[in-house]
Amino acid sequence: MSLFGLGRNQRTFRPKKSAPSGSKGAQLKKHIDATLGSGNLREAVRLPPGEDLNEWLAVNTVDFFNQVNLLYGTLTEFCTPENCPTMTAGPKYEYRWADGVQIKKPIEVSAPKYVEYLMDWIETQLDDESIFPQKLGAPFPPNFKDVVKTIFKRLFRVYAHIYHSHFQKIVSLKEEAHLNTCFKHFILFTCEFGLVDKKELAPLQELIESIIVPY
């Protein structure tokens, strides 16, 4: 079973979303890759001078979606309805699923089902050009930041579940450095733009403080 996705759980690996082609998005993506390559995550999350905040949020949202997808994909044979009958982050936090469209009242589902619903829900929004415009200069909706905040809040839950339920497995796969770097990048970006409420971050509070305090 190769770590990144050629095992029997192929279907949880969605095709990687790419930034809008030939556009601002592609340039911003290059900027992200270059600044990440420098190893300074603080620098990597900052809005580049003169850039549009919505464009920056959009490109990074696609990036974080891809990262979480890939990380979770390494765990699909361990995160099963039997092992994880509910979507939890430790004993105190349980997440129920509702998308406000098909499922209006939150329902209790297994962790893999929750993540599947979540990824489908995010993907639908990323593919909707009235929310994430693909064409250069096309306007973003007025509530764009709220949409991004909901996506980030829910992506955080996948990290919280991975850390609480599967960290030992991640260590045995020698993936912890990668997980920690991805999470650190995610949290610094979240804090830079105020995307997730503090109370939502509570399940990983100590870890988050260890990321933010050193700076």
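This is a predicted model: local features need pLDDT of at least 70, side-chain atom pairs count only at pLDDT 80 or more; totals for chains, interfaces and linings use all residues.

How near do the axes of α4 and α5 come, and at what angle do they cross? Residues are numbered from 1 along each chain as its sequence is written, and side-chain values use heavy atoms, with hydrogens and water left out.

The two axes (lines fitted to C-alpha atoms, for helices over the stretch in contact, with angles from 0 to 180 degrees between N-to-C directions) come within 11 Å and cross at roughly 155 degrees. α4 and α5 are therefore roughly antiparallel to each other, a label used for angles over 145 degrees. Their crossing is left-handed, that is, the near helix is turned anticlockwise from the far one by less than a right angle. To display the contact (heavy atoms within 4.5 Å), pick residues including Tyr114, Leu118 and Trp121 of α4 together with Ile151, Leu155 and Val158 of α5.

Next, colour the whole protein by secondary structure, which comes to 7 helices and 2 strands in the order α-α-α-β-β-α-α-α-α; helices (H or I, at least four residues) and strands (E, at least two) are DSSP runs, numbered from the N terminus.

Of its 59 residues, Phe156, Tyr159, Phe183, Phe186 and Phe189 touch the most other members. The helices that each supply at least two residues include α3 (53-73), α5 (144-172) and α6 (176-193), and the largest share, 13 residues, comes from α5. Centre the view on Tyr159, which, leaving aside neighbours within four places in sequence, is in contact with Gln67, Val68, Leu71, Leu179, Cys182, Phe183, Phe186 and Leu204. Across the protein, buried residues (under 20% relative accessible area, with a 1.4 Å probe and protein chains only) make up 49% of the 215 residues.

Finally, select Lys174 in the loop between α5 and α6. Lys174 has a positive phi of about 60 degrees although it is not a glycine, whereas most residues other than glycine have a negative phi. At 70% relative accessibility, Lys174 counts as exposed, for which the cut-off is over 50%.

Notes
A nonpolar core is a set of buried Ala, Val, Leu, Ile, Met, Phe, Trp, Tyr and Cys residues joined through side-chain atoms within 4.5 Å. Angles under 35 degrees count as roughly parallel, over 145 as roughly antiparallel, 65 to 115 as roughly perpendicular and the rest as oblique.
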